[in-house]
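Please open the model in a viewer and keep the selection tool at hand. The stops below say what to select and what is found there.

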Amino acid sequence: MIVLEQVTKLGEGGANAVLAGVSATIPTDRRIAVFGVDDFAKTVFIQLLAGLTPPTHGRIRRHARVSFPVGHFSPMGHKLTLRQNVAHVARLHDANVAEVVRFVESVAQLGRYFDRPLERLPMHLRMPFATILTYAVPFDVYLADGVLARGDRRFQALAMSVFEERVRTSGLVLTTNDIRTARKYCDVGAILHRGKFMLHENLEAAIRVFESLKASAEPAGQAQQAERADPPRSDLDDFL
Amino acid sequence: MAAGDFGSPSSGNLVPRMPLTTVVRRYFVIIAALLRREALLRIHSPLGSLLAIGEPTLMLLAWGIPMMLLWHRPPYGPSIMLFLATGFFPYYLFVRLSTRLWIDNPARRFAIEKPLDHAFVSTIMAVIEYAIFGFGLFASLYFLASPLACPTYALPLLGSLALTVTMGFGVGLTNVIIRKFAPWWGIIYSGLIRVGMIFSGIHVVVDTLPPEYRSLMSYNPILHMVELARLGFYPRYPHATLDVWYLVWSAIFAAFFGLVLERALRRRTEKL
């Protein structure tokens with residue numbers, strides 16, 4: 001589980017709290033879809049869970065093997081070969097190095113690039129490579145910011161088949177606005193809105209809240225108008 | 001089940017405790033992985049490591065050759081080069097540690113890596129680099145200059161190097177934190193520490209200096225590192241100025257201060 005203790009995360013310049021004094025326990029053996037109308041807040045939320053950004057106040061404790069966000073690329077050594085990078089990531093996360101290297105090599109099918117420095121890998125292949133690498137390491141829970149697979153169709157198909165295999169036994173925290181994807185892969189819903197975070201055991205209940213939030217935020221794109229408007233459902237009372 | 005019924009942090013019994021052995025094992029796995037990657041990166045880009053050992057080698061030649069030509073007699077012992085090497089080695093080990101410690105920002109590392117892991121790894125890498133360099137340097141001097149290049153007493157030498165590493169780690173960590181707020185500090189510090197070389201007793205036997213200079217220079221902990229290291233090579237080296245406890249407490253204080261500063265300002269530095 002991932003435990004949030006009175007976590008506050010302020011946006012740039014101290015405004016727009018992504019989380020405002022949130023305490024919650026996020027199960028790592030469930031597949032959670034996190035909905036929210038603010039895409040920036042969802043990205044920051046995933047970064048917080050992954051430890052890529054620290055909370056402004058409060059503490060996050062991870063009592064599970066939490067993945068880095070799917071496709072997270074920046075910590076890789078650009079002078080190292082892909083093989084060395086894969087081995088490093090596996091070693092760092094205490095996974096079977098040979099198994100992970102073999103897996104990425106066979107699934108990603110990057111051919112000669114696999115033994116070349118990462119800096120020579122074409123840009124369009126970097127994200128797909130990092131995506132396959134994320135799924136190659138057995139984590140207790142995977143974190144995905146909106147996208148489960150990147151790259152061309154072939155890569156996406158490969159990544160999704162690996163992903164589906166993984167989430168049979170591992171948890172998932174997926175930030176998304178795509179209800180179809182959430183219904184397909186998730187069994188729990190959560191809402192992230194105006195600094196509040198609320199988990200719903202019932203995914204459909206979370207979707208209903210999200211749709212209401214979206215409907216109240218959308219008309220004429222007027223944020224002020226949305227603030228004035230009465231929430232259409234009582235579920236929104238927690239957030240407005 | 002209603003919204004949010006997943007337990008709260010206050011229900012502490014939900015949180016499983018990891019056995020200490022697992023925590024320690026995982027820590028060593030992370031450090032070993034980071035060390036291995038650093039070693040690979042240095043093999044791929046050896047310029048940094050070459051500079052790290054190139055500067056002391058160049059300084060040794062730049063000071064040693066003129067001193068041999070002008071003075072003929074070494075300040076102490078049979079060889080000018082050996083005398084200088086016993087001073088430059090601990091001094092540059094300290095410089096390396098205090099200027100080249102690094103901590104990547106959170107976006108540039110995996111969540112499993114913590115800031116201090118990077119600090120420890122860069123310290124260990126500097127020690128490995130200097131162990132190899134020191135072995136090569138003193139082995140060369142043993143064959144080319146004097147058999148005294150093989151240390152006679154290991155304890156003072158190892159003690160000096162251990163305290164140099166401890167202090168270098170502390171000062172290096174402090175510098176990393178300062179550089180996060182003021183990037184220009186790295187240039188200022190590099191200049192200051194190199195000027196400080198003159199007051200570190202590398203080129204002279206400190207006990208032969210006038211008392212007023214000696215008492216002033218004795219505030220510099222690097223001078224005590226150099227004096228203690230020389231006792232490993234020259235058993236009768238004059239060391240009236242040496243104050244081992246001053247060095248020990250300086251090293252402990254520097255390491256403690258660096259660690260406290262990093263912990264206290266971590267939230268702010270991680271945002272930068």
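Begin by selecting helix H5 of chain B: 20 of its 28 residues are buried, so this helix is largely enclosed by the rest of the structure. Here a residue is called buried if 20 or more other C-beta atoms lie within 10 Å of its own, exposed if 12 or fewer, and partly exposed in between, the C-beta atoms being placed from the backbone. Helices (H or I, at least four residues) and strands (E, at least two) are DSSP runs, numbered from the N terminus. H5(B) covers residues 154-181 and reaches 41 Å from its first C-alpha to its last, close to the 40 Å expected. The expected span is 1.5 Å times one less than the number of residues.

Before moving on, note that this is a predicted model, in which local features need pLDDT of at least 70 and side-chain atom pairs count only at pLDDT 80 or more, while totals for chains, interfaces and linings use all residues. Residues are numbered from 1 along each chain as its sequence is written, and chains are lettered from A and ligands numbered from 1 in the order in which they are written.

**Chain B as a whole**

Now select chain B. Its secondary structure consists of nine helices and zero strands. Its C-alpha atoms fill a box of roughly 90 × 40 × 35 Å, taken along the principal axes. Of the 272 residues in chain B, 37% are buried. Among contacts in chain B with a separation of 6 or more, 75% join residues 24 or more positions apart; two residues are in contact if their C-beta atoms, placed from the backbone, lie within 7 Å.

**Two helix pairs**

Two packed helices are described by the angle between their axes and the distance between the axes. Select H1 (residues 20-44) and H4 (residues 115-144) of chain B, which pack at an angle of about 50° with their axes 10 Å apart. Axes are lines fitted to C-alpha atoms, for helices over the stretch in contact, and angles run from 0 to 180 degrees between N-to-C directions. H1(B) and H4(B) are therefore oblique to each other: angles under 35 degrees count as roughly parallel, over 145 as roughly antiparallel, 65 to 115 as roughly perpendicular and the rest as oblique.

Which residues of H1(B) meet H4(B)? They are B:Ile30, B:Ile31, B:Leu34, B:Leu35 and B:Glu38, facing B:Asp117, B:Phe120, B:Val121, B:Ile124 and B:Met125 in H4(B). The residues of this contact divide into eight nonpolar, no polar and two charged. Ala, Val, Leu, Ile, Met, Phe, Trp, Tyr, Cys and Pro count as nonpolar, Asp, Glu, Lys and Arg as charged, and the others, Gly among them, as polar.

Next, select H3 (residues 80-100) and H8 (residues 221-233) of chain B, which pack at about 135° with axes 8 Å apart. H3(B) and H8(B) are therefore oblique as well. The contact includes B:Phe89 and B:Phe94 of H3(B) and B:Met225 and B:Phe233 of H8(B). Its residues divide into nine nonpolar, two polar and one charged.

**Where the chains meet**

Finally, display both chains: their contact takes 29 residues from chain A and 31 residues from chain B. On the side of chain A, the largest share, four residues, comes from H2(A). That side divides into 13 nonpolar, eleven polar and five charged residues.

Within helix H2 of chain A, select A:Gln84. With 21 C-beta neighbours inside 10 Å, A:Gln84 counts as buried. The C-alpha atoms of A:Gln84 and A:Asp115 are separated by 8.2 Å, although the two residues are 31 residues apart along the chain.
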